[in-house]
Amino acid sequence: MNSTNNAQLLKGSLSVMILRLLEDRERMYGYEITQKVKELTAGELTITEGALYPALHKLEADGLLTTETQIVDGRARKYYSLTKTGQTAAVDRIADLTAFLNNLNLVLNLKPSVQL
Amino acid sequence: MNLIPDQLQAINWQLHHNNVLVNDALIAELTDHFAAAIAGRMATGEDFDAAGQHVLTQFGGWRGLADLQTQYVRAQNRAAWQAFGRIARQYVAGPRLLITLPLLTGTYWLLTQYGQRAFWALLILNVAICVVVGWADWNWKPDNQKLDWNRMYPADIRNRLAGLKWVANVTYVVALNVPIYLYLFFFPIFSERPFDGIYPVISAIGITAGYVAFACIAELTYRQNPLVRRFA
């Protein structure tokens with residue numbers, strides 16, 4: 001996939017992807033999220049760090065994520081997890097995005113109309 | 001693959017000493033990210049410098065890191081002000097109005113009855129509360145040692161003291177200074193007469209607002225403040 005198109009498509013759905021991953025994994029740190037997305041999509045989607053961290057910080061500021069810091073290999077690692085509000089928001093936003101994708105799919109799979 | 005201490009130190013040094021990043025919490029998070037990402041790339045055969053350069057590019061270079069810091073500080077500050085606002089609203093329009101109103105009328109009564117003596121007593125109380133509430137902040141020794149107030153631009157100070165630290169900092173300055181400036185602007189310094197007219201009203205509001213602001217910060221920093229925990 002073209003990386004510029006990829007980045008533009010990702011922009012609107014990045015926060016939902018983060019919420020979904022955290023819904024599944026309970027807690028994750030930034031680098032782990034980038035690697036997980038890469039792994040799940042077999043390298044087709046890559047989240048740049050320049051996009052990931054602002055999204056994480058915004059979700060944290062909005063009260064959807066909470067953080068805890070743990071010392072790993074002598075350095076502070078910041079883990080993100082969903083708050084209660086975040087859990088509800090994750091369900092809602094995933095449902096919204098799924099509905100949007102279904103509708104988008106209907107439009108993209110439009111069959112040529114029959115000319116009379 | 002784990003990085004050797006010299007490599008970790010090199011990452012830490014780069015992030016601290018290029019004058020782009022100043023926020024310690026963000027630097028700590030990015031140091032871990034750089035270390036993990038560089039180790040991941042080195043495991044595929046890349047050398048340390050090339051791996052570091054690649055990770056930096058993923059952030060949009062130093063410019064990208066500077067933007068990231070700006071966004072981080074804004075997000076942290078917005079969240080802290082919102083938390084502060086939620087508590088403060090309870091003192092002016094919520095259940096805690098039952099605390100604010102007696103405080104306000106009591107302050108007004110003291111000012112009208114005892115004039116300047118009451119004002120100074122209230123001001124000393126204000127400073128004492130500020131010391132107790134600010135204890136959590138003045139315990140941030142590593143930060144405070146690095147803060148060079150005379151040489152740093154306000155934006156740099158704000159970047160370093162993001163979130164609750166920044167909000168607390170602004171609150172201390174405003175809540176301490178408002179009563180003093182009210183006094184200096186509205187009342188003769190050496191007057192012994194009781195306060196009258198609009199002055200005690202404005203002064204009582206200013207002093208009460210200061211107390212309420214300190215109470216909000218005390219509640220937000222309760223966990224990291226042993227003094228507040230002892231008094232509560």
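User: What is B:Thr208 in contact with, leaving aside its neighbours within four places in sequence?
Analyst: B:Thr208 touches B:Thr100, B:Leu103, B:Leu104 and B:Thr107. Contact means heavy atoms within 4.5 Å. This is a predicted model, where local features need pLDDT of at least 70, side-chain atom pairs count only at pLDDT 80 or more, and totals for chains, interfaces and linings use all residues. Side-chain values use heavy atoms, with hydrogens and water left out; residues are numbered from 1 along each chain as its sequence is written, and chains are lettered from A and ligands numbered from 1 in the order in which they are written.

User: Which helix is B:Thr208 in?
Analyst: B:Thr208 is in α10 of chain B, residues 199-220. Helices here are DSSP runs of H or I with at least four residues, strands are runs of E with at least two, and both are numbered from the N terminus.

User: Is B:Thr208 buried or exposed?
Analyst: Buried, because its relative accessibility is 4%. The cut-offs are under 20% relative accessible area for buried, over 50% for exposed, and partly exposed in between (1.4 Å probe, protein chains only).

User: How do α5(B) and α10(B) cross?
Analyst: The axes of α5(B), residues 97-133, and α10(B) come within 9 Å and cross at roughly 30°. Axes are lines fitted to C-alpha atoms, for helices over the stretch in contact, and angles run from 0 to 180 degrees between N-to-C directions. α5(B) and α10(B) are therefore roughly parallel. That label covers angles under 35 degrees; over 145 is roughly antiparallel, 65 to 115 roughly perpendicular, and the rest oblique.

User: Left-handed or right-handed?
Analyst: The α5(B) and α10(B) crossing is left-handed. Left-handed means the near helix is turned anticlockwise from the far one by less than a right angle; right-handed means clockwise. By class, that contact has 21 nonpolar, six polar and no charged residues. Nonpolar covers Ala, Val, Leu, Ile, Met, Phe, Trp, Tyr, Cys and Pro; charged covers Asp, Glu, Lys and Arg; the others, Gly among them, are polar.

User: Which residues make the contact?
Analyst: From α1(B), they are B:Gln7, B:Leu8, B:Ile11, B:Asn12, B:Leu15 and B:His16. From α2(B), they include B:Ile27, B:Leu30, B:Phe34 and B:Ile38. The tally for this contact is nine nonpolar, four polar and one charged.

User: And B:Leu21, where is that?
Analyst: B:Leu21 sits in the loop between α1 and α2 of chain B. B:Leu21 counts as buried, because its relative accessibility is 2%. Beyond its neighbours within four places in sequence, B:Leu21 contacts B:Leu15, B:His16, B:Leu26, B:Ile27, B:Leu30, B:Leu65 and B:Gln69.

User: How many helices and strands does chain B have?
Analyst: 11 helices and zero strands. Of its 232 residues, 43% count as buried. Among chain B contacts with a separation of 6 or more, 69% join residues 24 or more positions apart.

User: Why is α3(A) called largely enclosed?
Analyst: Because 10 of its 13 residues are buried. Among them are A:Leu52, A:Tyr53, A:Leu56 and A:Leu59. α3(A), residues 49-61, reaches 18 Å from its first C-alpha to its last, close to the 18 Å expected at 1.5 Å a residue. The expected span is 1.5 Å times one less than the number of residues. A:Gly63 follows α3(A), with a positive phi near 85°.

User: What is the phi of A:Ala42?
Analyst: Near 50°, a positive value in a residue other than glycine. Most residues other than glycine have a negative phi. A:Ala42 is in the loop between α2 (30-40) and α3 of chain A. A:Ala42 counts as exposed, at 69% relative accessibility.

User: And what about A:Asp73?
Analyst: A:Asp73 has a positive phi of about 50°, although it is not a glycine. A:Asp73 lies in the loop between β2 (65-72) and β3 (75-82) of chain A. At 48% relative accessibility, A:Asp73 counts as partly exposed.
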